[in-house]
Each structure stands twice: as C-alpha cells, then as structure tokens.
Amino acid sequence: MISSSLIPFIIAPLFAFMVTMSLVWWLTKSNILKVLDHPNDRSLHTLPVTRTGGLGMLIGILISWMLLPTALPLPLWVGVSLLAVISLVDDVFSVPVWLRLLIHGAVAAWFSIALLADVHGWMVTAIATVAIIWMINVYNFMDGSDGLTGGMTLIGFTCYGLAAWLVGNEIFALLNFCIVAVAAAFLFFNFHPARIFMGDVGAVPLGFLAAVFGILGWLNGSWLFWLPLLVFSPFVVDASVTLLKRCLRKEKIWHAHREHYYQRLVQSGFGHTRTALFGYMLMLIAGISALWAVRQDVVIQLGVGVIWCSVYLIMMLAFDRYWRCRNSG
C-alpha cells in the first residue's frame with residue numbers, strides 16, 4: 001500500500017526516465033557534445049561511438065531528486081558534481097591518472113569523514129574511503145561492453161530501492177528508483193549495438209553513488225553493511241580479481257587492457273548481448289539472495305556469503321582453464 005502522502009513524489013522516477021530519454025536521444029544526434037570513443041587496446045567495439053551518455057543520466061538523476069523531500073548530505077552533491085566535471089574533462093581531453101585518483105580520494109575521504117568519523121571512528125572511516133574509491137574505479141573498469149553497466153545499474157539500485165522500501169524508508173527508496181529509471185532510459189540507446197556510451201562522466205559518478213548509497217542505507221537502517229557488496233558482487237569480483245592477477249604479474253595496472261572476465265567472454269564468441277544478459281542474471285540472483293538473507297539470522301547470512309564465494313571461485317577457475325585451452329590451441 002502506497003501512503004497518500006507519497007503519491008505526489010512517485011512521479012520523480014517517471015520524470016527521471018523522461019528527462020534522461022530526451023537528453024540521451026539528443027546526445028546521440030547532436031554535434032555540440034559529440035565526443036567519440038575511438039577503439040583502443042581496451043575496447044571491444046570496432047567503430048567510434050559517442051561517449052557522453054552519462055551526462056544525460058546525471059542530469060536526469062539530479063533534477064528528479066529535487067522533486068523529493070529529502071536532504072542528502074552536502075558531500076554527496078559536491079562529490080557527484082566534482083566527479084562529473086573531472087570525468088567529462090577526461091572524456092574530452094584526457095586527464096592524468098594521478099589527478100583523477102587525487103580527486104576520487106578527496107571526494108571519498110570528505111564523504112566518509114563527514115558521515116562516519118565522529119560516530120564510527122577512524123577505522124570504519126578509512127575502510128569506507130577505500131571502498132568508495134574502489135567502487136568508483138570498479139564501475140569505470142566494468143564499463144566496456146554494450147549494455148553491461150547500464151543493466152547492472154538498473155538491477156543494483158532496484159535492489160537498494162526494494163530493500164529500503166521493505167523497511168519503510170520510502171523516500172530513500174524513491175531516490176534509488178530515480179537512478180533505476182535513468183538506467184532504463186539509457187539502456188534503450190546502450191544495449192547492443194550501442195548508439196552511445198555513458199563514458200567516464202557516467203561511470204565514475206555512478207560508482208560513487210553505488211558506494212555512498214550503500215553506506216547511507218546502512219546508516220539509516222535500510223540494510224546490513226554487507227548487502228551492497230553482495231548486490232554488486234559481479235562487478236566487484238571481476239574487477240578485483242583481474243587487478244590482483246595483473247599485480248601478481250607485475251603489469252602496469254593503469255594501462256588499458258582486455259583481461260576482465262566480461263571482456264574475455266565477449267572475445268570468446270559469447271558476444272555483447274549474451275555477456276550482458278549473463279551479467280544481469282548473475283546480479284539478479286545475487287540481489288535476490290541478498291534481499292532474502294538480510295532478513296535471516298547471522299548463520300544463514302554467513303552461509304549465503306560462503307556459497308557466493310564458492311560460485312565465483314568455480315566460475316573463474318573454469319573460465320581460466322577454458323581461456324588457456326582456447327589460446328594454447
């Protein structure tokens with residue numbers, strides 16, 4: 001049952017969808033902000049594609065949030081804005097890695113210190129800062145196949161919204177559903193064959209929002225601290241394991257590459273569409289299990305965590321073996 005007081009605010013996600021749909025469509029047609037993503041060593045596409053779709057997504061999110069009666073913390077608003085600006089500049093002109101990471105770190109530290117330091121101490125604050133920085137970059141790393149990141153955003157923030165709604169935090173749920181609506185609109189143009197990419201201007205702020213909304217949901221009692229990690233685990237596991245393997249091989253981890261599992265799935269002949277659908281299925285199952293487990297006792301929660309660790313380990317070992325056999329033949 002929807003409270004009558006909430007009815008005027010249900011329009012916010014619909015507004016987010018319409019604004020994003022209009023802006024992204026315009027960005028696919030206009031030459032004013034036509035920044036092209038040319039194929040490189042990391043790319044899975046073969047032709048230049050416009051990569052400013054994230055700008056339309058962010059405008060849709062921020063405008064729709066203004067329709068909701070909530071006071072999001074200032075570090076969130078400023079953080080999203082700063083990340084969007086530096087990422088757009090990077091999309092257009094290319095920004096040195098050290099400068100991007102410096103801004104990522106400053107934004108993450110400000111948010112964590114402002115919201116966590118006084119109550120939860122410096123250890124939790126430091127962990128949160130690292131987690132935010134990592135999630136910012138995880139989103140960017142994983143934005144390399146048609147429809148993948150847009151679909152993961154849709155599913156991930158849907159899980160956030162449902163978890164918040166189930167505990168009675170309707171306004172926080174609607175904030176998440178606005179992001180869901182934006183992702184749905186973007187997918188109309190980004191599913192294979194993609195007519196536009198979100199670019200860093202979309203992926204970096206969305207990674208920030210995935211992390212800080214995960215923290216805000218924990219702080220306001222919508223879920224336990226581990227739920228965001230399980231919901232976004234397909235992204236986190238792929239990016240983290242790939243980075244670890246490259247570090248162990250002493251490779252320059254800041255260089256472009258095509259060694260993520262999702263990239264190798266596409267290269268192996270699975271294709272963009274089936275890779276995206278496989279990712280959706282994996283994240284949907286992870287999200288549903290998280291929503292169920294969060295209401296169970298701690299033993300069951302630990303069991304779910306162990307099961308998912310085993311699933312990912314088996315999948316990665318099996319695919320690594322397949323990839324070695326494929327390339328040795």
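Figure 1. Trp65 is buried, with a relative accessible area of 2%. Buried means under 20% relative accessible area, exposed over 50%, and partly exposed in between (1.4 Å probe, protein chains only). The model is predicted: local features need pLDDT of at least 70, side-chain atom pairs count only at pLDDT 80 or more, and totals for chains, interfaces and linings use all residues. Residues are numbered from 1 along each chain as its sequence is written, and side-chain values use heavy atoms, with hydrogens and water left out. A search of the whole structure finds 21 aromatic pairs. The rings of Trp65 and Phe213 have centres 5.5 Å apart and planes at 15°, so they are stacked. Rings of Phe, Tyr and Trp (its six-membered ring) pair if their centres lie within 6.5 Å; planes under 30 degrees apart count as stacked, over 60 as edge-to-face and the rest as tilted. Trp65 sits in helix 2 (residues 53-65) and Phe213 in helix 7 (residues 199-219), so the pair ties together parts 148 residues apart in sequence. Helices (H or I, at least four residues) and strands (E, at least two) are DSSP runs, numbered from the N terminus. Phe213 is buried too, with a relative accessible area of 0%.

**Figure 2. Tyr139 and Phe235, edge-to-face.** The ring centres of Tyr139 and Phe235 are 5.2 Å apart and their planes lie at 75°, so this pair is edge-to-face. Tyr139 belongs to helix 4 (residues 97-142) and Phe235 to helix 9, so the pair ties together parts 96 residues apart in sequence. Both residues are buried. Ring pairs link a cluster that includes Tyr139, Phe235, Trp65 and Phe213. Asn140 is also found in helix 4. Asn140 is buried, with a relative accessible area of 16%. Its C-alpha atom is separated by 9.9 Å from that of Met198, 58 residues apart along the chain.

**Figure 3. The largest nonpolar core.** This core has 88 residues. A nonpolar core is a set of buried Ala, Val, Leu, Ile, Met, Phe, Trp, Tyr and Cys residues joined through side-chain atoms within 4.5 Å. Those with the most contacts inside it are Trp65, Leu76, Phe157, Leu209, Phe213 and Phe232. Helix 6 (residues 170-190) gives the most to the core, with 14 residues. Leaving aside neighbours within four places in sequence, Leu209 is in contact (heavy atoms within 4.5 Å) with residues including Ile61, Trp65, Leu76 and Phe157.

**Figure 4. Helix 11 and its packing.** Helix 11 (residues 298-328) has 31 residues. It reaches 45 Å from its first C-alpha to its last, close to the 45 Å expected at 1.5 Å a residue. The expected span is 1.5 Å times one less than the number of residues. Among its buried residues are Val304, Trp308, Tyr312 and Phe319. The buried residues pack against helix 8 (227-231), helix 9 (233-248) and helix 10 (261-293). At the N-terminal end, Asp297 caps the helix: a side-chain oxygen lies 3.2 Å from the backbone nitrogen of Val299.

**Figure 5. The surrounding chain.** The secondary structure comes to 11 helices and two strands. Buried residues make up 51% of the 329 residues. The C-alpha atoms fill a box of roughly 65 × 55 × 35 Å, taken along the principal axes.

Note on methods. Polar contact = N/O pair within 3.5 Å; in protein donor to acceptor, adjacent residues only side chain to side chain.
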